[in-house]
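The entries follow the order in which I consulted the structure.

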Amino acid sequence: MRWHELTVYTTEEAIEMVTNFIHELGAGGVSIEESGTLNKQRDTSYGQLYDAPLNDIPEGRCEIKAYFADGSEMERILTELDGSLKMLSELGIDTGHPKIELKDVYDEDWADEWKKYFKPIRVSERLTIKPTWEPYSPSSAELIIELDPGMAFGTGTHETTALCLRTLEGVIAGGEDVIDVGTGSGILSIAAVKLGAKHVLAVDLDPVAVLSAKENTLLNGLQESITVRESDLLQVLQSDDKSIGVTLPVKVVVANILAEIIVLFTDDVFKALQQGGTYIASGIITAKESLVEQAMTASGLTVIEKFYDQNWVAIVARKL
């Protein structure tokens, strides 16, 4: 089968935003290759080794490859993607003068090629992400998240997701009801239950994400503890759906999405949280940190902690 391979050469800062645009344009799969140099600071707190460059991509740059089925409207897709990239620049996101290339490929093996680079990785003191196809013998203290992200979602090792996972580990005490906004592969919902949460409502606007989250929930045997719903942010809470699995208001809300989206529903988060409840927001580039903090404060939330990794920040707020 023929596929249209679209490659975007841009910055690591823009990865999540650009891949989100590509998914919305209907890509059948996305792969990301970041800089393989050793110049940038890397997290080695859990024994990760970086003893040799992985590629020759310049520091801070990345290559995002997307695959579209034969017959896709590539002219329209290129035009819309170009417009989205220009919008990011106008919002202050450094896209590094992005370049787009398009070619046809016939090798059907591309869909599984990325899997050889996804290995088990310990992302926090207790949480380890393990691809379903990789053998692994965990220690007694490890909590294993079985993950098959598919080509439409990341592996959960990006700085924003890792920040969320580590922060969740410090917030979940056990027995909480949790809402995961923009669940994607469902990784944060799975982690929350593994850490002791009573039940998680996982929501996402993308029906492909909803399917992925449901599949990963089943892989981890947590279908009784995680309810996945298609929803535009927290709109599902205003519906007549009585089977959302959690009791409102909840103890914890977590969202790993773009800063520009986070600021749109801080009022809804405040309403969804019980007194003393905690909101974890990640996916925030440091340039947008004050924007998010101001929105949280305006909604009545109190920022209590911040955690950083590279150019990303996770903000923890509480309803006091």
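**Entry 1: The cavity**

I began with the lining of the largest cavity, which consists of Met-17, Ile-93, Leu-258, Ala-259, Glu-260, Gly-283, Ile-285 and Lys-288. The elements α7 (259–262) and β12 (273–285) each give two or more residues to this lining. I note that the model is a predicted one. Sorted by class, the lining of the largest cavity holds five nonpolar residues, one polar residue and two charged residues. I recorded a volume of about 40 Å³ for the largest cavity. The count of cavities of 30 Å³ or more came to one.

I then turned to the second largest pocket, which holds about 160 Å³ of space. It is lined by 11 residues, and those closest to its centre are Glu-12, Glu-13, Gly-60, Gln-310 and Asn-311. By class, I found six charged, four polar and one nonpolar residue in the lining of the second largest pocket.

**Entry 2: The nonpolar cores**

Which residues have the most contacts inside the largest nonpolar core? I found Leu-127, Leu-165 and Ile-226, in a core of 30 residues. Elements that give two or more residues to this core include β6 (127–131), α4 (159–171) and β10 (226–230). The most comes from α5, with six residues.

I next looked up the contacts of Ile-226. Leaving aside residues up to four places away in sequence, Ile-226 touches Ser-189, Ile-190, Val-193, His-199, Val-200, Ala-202 and Thr-217. Another core lies apart from the largest one and has 28 residues, among them Val-236, Val-246, Ala-281 and Ile-284.

Technical notes:
Residues are numbered from 1 along each chain as its sequence is written. This is a predicted model: local features need pLDDT of at least 70, side-chain atom pairs count only at pLDDT 80 or more; totals for chains, interfaces and linings use all residues. Side-chain values use heavy atoms; hydrogens and water are left out. On a 1 Å grid over the protein atoms alone, a cavity is a set of points where a 1.4 Å probe fits but cannot get out, and a pocket is an open set with protein on both sides within 12 Å along at least five of seven lines; lining residues have an atom within 4 Å of a point. Grid points are joined across faces, edges and corners, and a volume is the space filled by probe spheres set on the points. Ala, Val, Leu, Ile, Met, Phe, Trp, Tyr, Cys and Pro count as nonpolar, Asp, Glu, Lys and Arg as charged, and the others, Gly among them, as polar. Helices (H or I, at least four residues) and strands (E, at least two) are DSSP runs, numbered from the N terminus. A nonpolar core is a set of buried Ala, Val, Leu, Ile, Met, Phe, Trp, Tyr and Cys residues joined through side-chain atoms within 4.5 Å. Buried means under 20% relative accessible area, exposed over 50%, partly exposed in between (1.4 Å probe, protein chains only). Contact means heavy atoms within 4.5 Å.
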